[in-house]
Every structure is written in C-alpha cells, then in structure tokens.
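I opened a new notebook page for this structure.

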Amino acid sequence: MDVGDVEVQIKQDPTDDNNYRLHLGGKRVFQWFKEKLQSLKQTVKNSFRIR
C-alpha cells in the first residue's frame with residue numbers, strides 16, 4: 001500500500017475556534033486511517049482468498 005504523496009493539513013475546527021484538526025488527503029485523520037485499514041483488509045482477504 002502506497003501513501004507517499006498524501007497532503008497533510010491542520011485546519012481550524014469549525015465548531016471551536018480554539019481547536020484544530022489534522023487532515024490527511026483532505027480527510028480527517030481518523031477517517032483517512034479507517035479507509036486505509038479497510039483497503040488493507042480487502043487486499044489481504046483477496047490475497048489469501050479468505051471467506
């Protein structure tokens with residue numbers, strides 16, 4: 001899995017001016033990692049043909 005050219009941003013929280021959020025590839029960091037984990041699981045499942 002390649003994540004070489006991911007844009008990293010720190011954005012101000014729209015609900016709280018005193019807080020900031022980390023974004024990777026334009027998505028909140030937790031959402032980005034969740035999607036990468038799902039992709040990895042699918043790749044492993046397909047590689048080993050697990051049912």
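Leaving aside its neighbours within four places in sequence, which residues is Arg21 in contact with? I looked this up and found Gln9, Ile10, Lys11, Asp13, Pro14, Thr15 and Arg28. Contact here means heavy atoms within 4.5 Å.

A note on the source. This is a predicted model, in which local features need pLDDT of at least 70 and side-chain atom pairs count only at pLDDT 80 or more, while totals for chains, interfaces and linings use all residues. Residues are numbered from 1 along each chain as its sequence is written, and side-chain values use heavy atoms, with hydrogens and water left out.

**Arg21**

I placed Arg21 in strand E2. Helices (H or I, at least four residues) and strands (E, at least two) are DSSP runs, numbered from the N terminus. Arg21 is partly exposed, because its relative accessible area is 24%; buried means under 20%, exposed over 50%, and partly exposed in between (1.4 Å probe, protein chains only). I also looked up a distance to Gln42, which is 21 residues away along the chain. The C-alpha atoms of Arg21 and Gln42 are separated by 28 Å.

**The sheet**

Next I traced the strands. Three of them form an open sheet, ordered E1-E2-E3, with antiparallel pairing. Two strands pair if DSSP finds at least two bridges between them. Strand E1 (8–12) and strand E3 (27–28) are the edge strands, and each pairs on one side only. E1 and strand E2 (residues 20–24) pair in the antiparallel sense over 5 bridges.

**The whole chain**

I counted 1 helix and 3 strands in the protein chain. From the N terminus on, the order is β-β-β-α. The radius of gyration is 15 Å, well over the 10 Å that the globule rule gives for 51 residues, so the protein chain is more spread out than a compact globule. That radius is taken over C-alpha atoms, and the rule is 2.2 Å times the number of residues to the power 0.38. I read the span of the C-alpha trace along its principal axes as about 50 × 25 × 10 Å.

How much of the protein chain is buried? Buried residues make up 10% of the 51 residues. Of the contacts with a separation of 6 or more, 16% join residues 24 or more positions apart.
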